[in-house]
Amino acid sequence: MTLDSFVRGLPKAELHLHIEGTLEPELMFELSERNQIALPFASVDEIRAAYEFTDLQSFLDIYYQGAAVLVHEQDFADLMTAYLRRAAADGVRHAEIFFDPQTHTERGVGFPVFMKGFASAQRDAEEALGITSALIMCFLRHLPGEAAIETFQAAGPYLQQVQAVGLDSSEVGNPPELFVAAYQAARDQGLRAVAHAGEEGPPSYIEGALDVLGAERIDHGVRADEDDALIERLVAEQIPLTMCPLSNVKLRVFDTLASHNLKRLLDRGVRVTINSDDPAYFGGYVGDNYLAVAEALDLSREDLVLLARNSLEAAFLPEERRRQLVSELEDYAAS
Ligand code: ADE
Ligand code: ZN
């Protein structure tokens, strides 16, 4: 079997995926016309040509601008359906999907609109493709901690649709400590917690995410590598890192995939997973990420099975579904 079909067939979970980051230029263009929202681009090719980033912020500026074409419930359903179809084709059996409510509420698009759109698409995909999914509500860290609390309150009627809270957007200068109250409120309601940390920000943000926010997984976490004691802690506590290698190269966190620390941390015993982050902007979905890393870092098939197993172990899945998926993975690896 070719490496390509092997990685796409691996039963896996995707744990770091921003639904707004799956907005392909074609759908962006279509929605801009459908909703009469002007874009500063004349064609799909022009949109794609604008995707040259120098750092996280240069990406975020374009990403928030693109999300402005999402207005109606059907738009959010179309976005979710397109992602889940692509994910299922890449062997994703379960996805835990970030959404950024403040990107929409700030434009006057409210919770009922996007939550209903997501829910219908998730239900349909589970029925048609057998892919299960959950939602992780992210707070935008470039906005104040009070805005995160207000967002959590606004989500009240839809909390049964939300499995966890997360923290994303511009990292440097916006440490986890600013979001303690919002996370506390979420955990008091029984939600799980994750946070972006150590993508561009220092290792201390990873410690903060664990210690003051109660994060159970760290999104990215590549800069943990600068602190040996922190790596030892991640290994001892088996704290998952949801890494996104193609994203890291596009946003210049690493110069090349060959210099990525994923394999080194995996070999040290960190529970590393591979994910796609914002695939419409970074040149590949989760299967492309597995394949590119396998080639650049010379991963063995055992490494790839371990990465897929880590994704299933790190997912917030009911134990019965986890057992079922791990056993699918074991059958696949043995075949
Ligand atoms: N929002 C979408 N993608 C992100 C990333 N890679 N880091 C922080 N916030 C994001
Ligand atoms: Zn991310």
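A polar contact is a pair of N or O atoms within 3.5 Å; within protein, one atom must be able to donate a hydrogen and the other to accept it, and residues adjacent in sequence count only if both atoms are side-chain atoms. In this predicted model, the side chain of R217 reaches the backbone oxygen of A314 at 2.9 Å.

This is a predicted model in which local features need pLDDT of at least 70 and side-chain atom pairs count only at pLDDT 80 or more, while totals for chains, interfaces and linings use all residues. Residues are numbered from 1 along each chain as its sequence is written, chains are lettered from A and ligands numbered from 1 in the order in which they are written, and side-chain values use heavy atoms, with hydrogens and water left out.

**The sheet**

Helices (H or I, at least four residues) and strands (E, at least two) are DSSP runs, numbered from the N terminus. Two strands pair if DSSP finds at least two bridges between them. Here 8 strands make an open sheet with parallel pairing, in the order 1-2-3-4-5-6-7-8. Strand 1 (12-14) and strand 8 (272-274) each have a single partner strand, so one side of each is left without a neighbour in the sheet. On average, and ignoring direction, neighbouring strands of this sheet are turned by 25 degrees against each other.

Strand 6 (residues 217-220) pairs with strand 7 (residues 241-243) in the parallel sense over 2 bridges, and I218 stands opposite L241 in strand 7. Helix 10 (residues 203-211) packs on the sheet and touches strand 5 (192-197) and strand 6, its direction making about 170 degrees with that of strand 5. Contact means heavy atoms within 4.5 Å; axes are lines fitted to C-alpha atoms, for helices over the stretch in contact, and angles run from 0 to 180 degrees between N-to-C directions.

**Residues in and around strand 6**

Buried means under 20% relative accessible area, exposed over 50%, and partly exposed in between (1.4 Å probe, protein chains only). R217 is in strand 6 and counts as buried because its relative accessibility is 1%. Leaving out residues up to four places away in sequence, R217 touches L15, E96, I136, A193, V194, A195, I239, P240, T242, A314, A315 and F316.

H220 is also found in strand 6. Its phi is positive, about 80 degrees, although H220 is not a glycine, and at 0% relative accessibility H220 counts as buried. Q238, in the loop between helix 11 (228-237) and strand 7, has a positive phi of about 50 degrees although it is not a glycine. Q238 counts as partly exposed, at 31% relative accessibility.

N261 lies in the loop between helix 12 (245-250) and helix 13 (262-267). N261 is buried at 2% relative accessibility, and its side chain makes a polar contact with the side chain of D225 (3.2 Å). Not counting residues up to four places away in sequence, N261 touches V222, D225, M243 and F254.

**Helix 2**

In helix 2 (residues 25-34), the buried residues are P25, L27, M28, F29, L31 and S32. Their cover includes helix 3 (44-49), helix 4, helix 5 (73-89) and helix 14. Just after helix 2, Q36 takes a positive phi of about 55 degrees.

**Aromatic rings**

Rings of Phe, Tyr and Trp (its six-membered ring) pair if their centres lie within 6.5 Å; planes under 30 degrees apart count as stacked, over 60 as edge-to-face and the rest as tilted. The whole structure holds 17 aromatic pairs. The table gives two of them.

| Pair | Centre to centre | Angle between planes | Class |
|---|---|---|---|
| F59 and F282 | 4.8 Å | 55 degrees | tilted |
| F139 and Y183 | 6.0 Å | 65 degrees | edge-to-face |

F59 is buried at 2% relative accessibility, and F282 is buried at 3%. In the other pair, F139 belongs to strand 3 (residues 132-140) and Y183 to helix 9 (residues 180-188), 44 residues apart; both F139 and Y183 are buried. Ring pairs also link Y51, F53, F59, Y63, Y64, Y281 and F282 into a cluster.

A charge sits over a ring if NZ of Lys or CZ of Arg is within 6 Å of the ring centre and within 35 degrees of the ring normal. K12 lies over the face of Y290, at 5.1 Å from the ring centre, and the charged end of R301 sits over the ring of F6, 4.8 Å from its centre.
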